[in-house]
Amino acid sequence: MLLAIDVGNTHTVLGLFEGEEVIEHWRIATDARRTADEVAVVLQGLLAQSPLLKGADVDGIVICSTVPSVLNEMREMCRRYYGDVTAVIVEPGIRTGVPVRMDNPKEVGSDRIVNALAAIQLYGGPCIIVDFGTATSFDAVSAKGEYVGAVTAPGIEISVDALAAAGAQLHKVELIRPRSVIAKNTVEALQSGIIYGFAGQVDGIVERMAAELADDPDDVTVVATGGAAPLVTGEAATIDVHEPWLTLIGLRLIYHRNTA
């Protein structure tokens, strides 16, 4: 089985593949203070508690990270606890098959290249990936499978936190769809502004990106992913498909590209 680990700024998503299928998955907080030993304890605890994995062995590991200090500990964890398992770390020198057409390709996060690879393999190009994470990231991929540009906006969670911190009469609310857009109380007013506001942001940015990316914007497939995606996908008219495991799928593809 292949263990794929996507380390984000806020959460770390782990998925276990049997062939091409994600058969088990977990989401944990990203903590830059965890040592390699602590990471191993958490990982082994998750693997041990799953009823699907009794007697199953991890025979491959692939990791990408947007947090350099965590990546270093992940690398050490693989060396100390999984030394006999083939491990692929997504970093410079790893074959992805995605040309990066940016002014400085090194600035592009590894997770965004991983997402681009998965989106091209699943849906073809041109496409736009909307990743609802700590930031809301919009990535443009050409019909040739090239990563050609991006847009980055504040994420839903940090926007909510900032609003609650700055407003004396405001507080964090459960992020669910309110009864109506025009709210009758403060809680639903916040919910409406957050959910419909971000949906409008997504539609506005995607429409402008699609107009630049293709002669016919209708040819562009828009793929949503990320932990906060379910909050917005039902309200944003431009999103074509929601793929929660897009990054994990891209990691699986990269693993096989580099170990075949």
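Begin between domain 1 and domain 2, where 1 residue pair is in polar contact, both residues at pLDDT 80 or more (a pair of N or O atoms within 3.5 Å; within protein, one must be able to donate a hydrogen and the other to accept it, and residues adjacent in sequence count only if both atoms are side-chain atoms). The count of salt bridges between the two domains is 0 (a side-chain nitrogen of Lys or Arg within 4 Å of a carboxyl oxygen of Asp or Glu).

The model is predicted: local features need pLDDT of at least 70, side-chain atom pairs need 80 or more, and totals for chains, interfaces and linings use all residues. Residues are numbered from 1 along each chain as its sequence is written, and side-chain values use heavy atoms, without hydrogens or water.

Next, select residues 2–89 as domain 1 and 110–244 as domain 2; these bounds come from an automatic or database domain assignment. The area buried between them is about 400 Å² (accessible area, 1.4 Å probe, that two parts lose on being put together, summed over both). Highlight Arg27, Cys64 and Thr66, which supply 62% of the area that domain 1 buries against domain 2.

Now display the open sheet of 5 strands, ordered β8-β7-β6-β9-β10 with mixed pairing (strands, E, are DSSP runs of at least two residues, and helices, H or I, of at least four, numbered from the N terminus; two strands pair if DSSP finds at least two bridges between them). Its edge strands are β8 (147–154) and β10 (241–242). Select β7 (residues 135–141), which 7 bridges join to β8 in an antiparallel arrangement. Here Ser137 stands opposite Thr152 in β8.
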